[in-house]
Amino acid sequence: MKTFESIGIVGAGIMGSDLALDLASHGYRVILKDLHPDILEKAKQKMREDFKLVKLMKKEIPVKDIEQVLANVLFTTTYDDFSAVPFVIENITENWEAKKQVYLELKQYCPEDTIYGVNTSCISITKVGSLLPKPENVIGMHFMNPVPLKQMVEIIRGYYTSEQTIEKIKSFLKSVDKKPVLVNDSPGFVTNRVLMLMINECIWAIHDQVATPQDLDKIFRLGFSHKMGPLATADLIGLDTILHSIEVLYESFNDPKYRPCPLLVKMVDAGLLGKKSGKGFFDYTAASPLAHSAR
């Protein structure tokens, strides 16, 4: 049973396109919004490719044909179709000013009772709620990457988030085969308060020439039974997102243990953002001998 008739998704990058694919494959009508038509076209192509993997990895998919999945998604560059959506999930970059602008725009188009899911790594859910007329309808939703294959979703209770909102989101997540874990609002919540610190420290180890990226990740895969090493995880998330997140933690806690490694800053400045740019700590270009070395 569907919890919402339609769902608006803002941001069609890696996370947004994954979410659209996952929700549409469960029969939800999705409105996927981004600023640029070319980003939406890339999202559509990514969804086509990713669906092949999802079909291989998951036994039960309610909608089994990619054309039918895509038919459930409206790709748009405007908020015009958000005027009747009961639920919006926002996935844009981890930048407060950018997020603030999006929510100020959303409240001009969405119904007053719309529930907002803030898909963020570190930004305060309470702070986002302060921008909207009903902060009790705002909840954090930290999806794991890749969304269609990860069941756990960290949901975050802001200061004003109501029990009704929490229960509705739990019901929605169960309808798409997710397992919600509720935590309270704090910078980084649980996942990224710990994960970003670990990734940043691993980058320091590379910066200090303690090990190569390949060997560092091998230690975590073989020694700790991680399915993916921390540097490959960073590449998958996006090094720009890692940097934004660790900067938020550094500013929020005023603790030097969260100081971003200079190597991370340099790589982001150089456009080496990980898988989405083709290169990060590993090379993902098809012709590269390192294309599979992150596995």
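**Close-ups of a predicted model**

**View 1. The largest nonpolar core.** This core counts 38 residues, and Ile7, Leu23, Phe87, Met141, Phe143, Ile169 and Phe172 have the most contacts inside it. A nonpolar core here is a set of buried Ala, Val, Leu, Ile, Met, Phe, Trp, Tyr and Cys residues joined through side-chain atoms within 4.5 Å; buried means under 20% relative accessible area, with a 1.4 Å probe and protein chains only.

The model is predicted, so to speak of local features takes pLDDT of at least 70, and side-chain atom pairs count only at pLDDT 80 or more, while totals for chains, interfaces and linings use all residues. Residues are numbered from 1 along each chain as its sequence is written, and side-chain values use heavy atoms, with hydrogens and water left out.

**View 2. Around Ile169.** Setting aside neighbours within four places in sequence, Ile169 is in contact (heavy atoms within 4.5 Å) with Phe4, Phe87, Ile115, Ile139, Met141 and Ile155.

**View 3. Met15 in helix 1.** Met15 lies in helix 1 and counts as buried because its relative accessible area is 18%. Leaving out neighbours within four places in sequence, Met15 is in contact with Asn91, Asn119, Phe143, Asn145 and Val147. Asn72 is 57 residues from Met15 along the chain, and their C-alpha atoms are separated by 18 Å.

Key:
Buried means under 20% relative accessible area, exposed over 50%, partly exposed in between (1.4 Å probe, protein chains only). Helices (H or I, at least four residues) and strands (E, at least two) are DSSP runs, numbered from the N terminus.
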